[in-house]
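Trainee: I would like to learn how to read strand pairing and ring contacts in a model. Could you take me through an example?

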Amino acid sequence: ISAIQIALTDVLRAVGLKPDGMLGHSLGEIACGYADGVLSAKQAILASYWRGKCVEDANVPRSLMAVIGLGASELEARAPAGVVLACNNSADSITISGPYDTMVGFIEQLQKENIFARVIKTGEVGYHCYYMDAVAPSLLARMQQVLPQPTLRSQKWISSSVPQSDWDQDRAKYSSASYYVNNLTSKVLFF
């Protein structure tokens with residue numbers, strides 16, 4: 001995914017298009033770092049690689065992600081234990097994450113009620129939830145090798161992993177190892 005995003009960014013640059021703004025969903029924030037000029041292509045590829053490798057090495061429990069046609073408040077009222085909001089995409093579309101068996105049962109129940117629910121192919125890994133806490137230490141160590149110094153992000157790059165109320169804090173202002181770890185362990189905040 002990151003290689004394609006880098007290539008598309010390069011194509012856009014080659015034809016003279018410059019973004020007025022950038023917003024990335026999950027792994028897409030690494031592409032934003034590249035488009036913003038705070039990550040080199042090599043750093044972006046290594047960041048993506050280590051994210052995947054650290055998740056693989058952590059052996060997180062079998063889990064799923066699914067996009068569902070509910071809002072975040074509706075999920076809170078209905079979600080079985082262990083199922084959490086992973087991505088707040090819009091008023092009526094969210095992504096959930098949680099234990100495999102619980103997620104399968106919840107998805108089937110939603111589909112029986114004619115509520116849109118579709119599993120996302122993630123290799124049976126529940127990203128953007130509590131399972132990623134086990135990944136964070138090793139990912140931070142690897143990301144600190146790839147990004148030894150934080151770099152100020154431009155105002156064009158809108159963070160989707162730090163709440164807007166915190167955008168004035170250093171953790172949101174810089175492209176850094178900890179920023180990308182937070183991206184993996186936190187909800188995606190599109191809405």
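Trainee: In which sense do β3 and strand β9 pair, parallel or antiparallel?

Mentor: Bear in mind that this is a predicted model. Here β3 and β9, the latter spanning residues 188-189, pair in the parallel sense over two bridges, and within that pairing N88 has L189 of β9 as its bridge partner.

Trainee: Which residue in β4 is the bridge partner of N88?

Mentor: In β4 that partner is I94. Strand β3 (residues 84-90) and strand β4 (residues 93-99) pair in the antiparallel sense, over five bridges, and the two strands form a hairpin with two residues between them.

Trainee: How is a pair of aromatic rings described?

Mentor: The general idea is to give the distance of the centres and the angle of the planes. A search of the whole structure finds five aromatic pairs. In one of them, Y130 and Y131 have ring centres 4.7 Å apart and planes at 55 degrees, so this pair is tilted. Y130 counts as partly exposed because its relative accessibility is 35%, whereas Y131, at 13%, counts as buried. The pair of Y179 and Y180 is edge-to-face, with 5.5 Å from centre to centre and 85 degrees between the planes. Y179 is buried at 1% relative accessibility, and Y180 is buried at 4%.

Trainee: Which residues do ring pairs link into a cluster?

Mentor: They are W157, Y179 and Y180.

Trainee: Over which ring does the charged end of R142 sit?

Mentor: The charged end of R142 sits over the ring of W50, 4.0 Å from its centre, while that of R13 sits over the ring of Y34, at 4.7 Å from the ring centre.

Definitions and conventions. Residues are numbered from 1 along each chain as its sequence is written. This is a predicted model: local features need pLDDT of at least 70, side-chain atom pairs count only at pLDDT 80 or more; totals for chains, interfaces and linings use all residues. Side-chain values use heavy atoms; hydrogens and water are left out. Two strands pair if DSSP finds at least two bridges between them. Helices (H or I, at least four residues) and strands (E, at least two) are DSSP runs, numbered from the N terminus. Rings of Phe, Tyr and Trp (its six-membered ring) pair if their centres lie within 6.5 Å; planes under 30 degrees apart count as stacked, over 60 as edge-to-face and the rest as tilted. Buried means under 20% relative accessible area, exposed over 50%, partly exposed in between (1.4 Å probe, protein chains only). A charge sits over a ring if NZ of Lys or CZ of Arg is within 6 Å of the ring centre and within 35 degrees of the ring normal.
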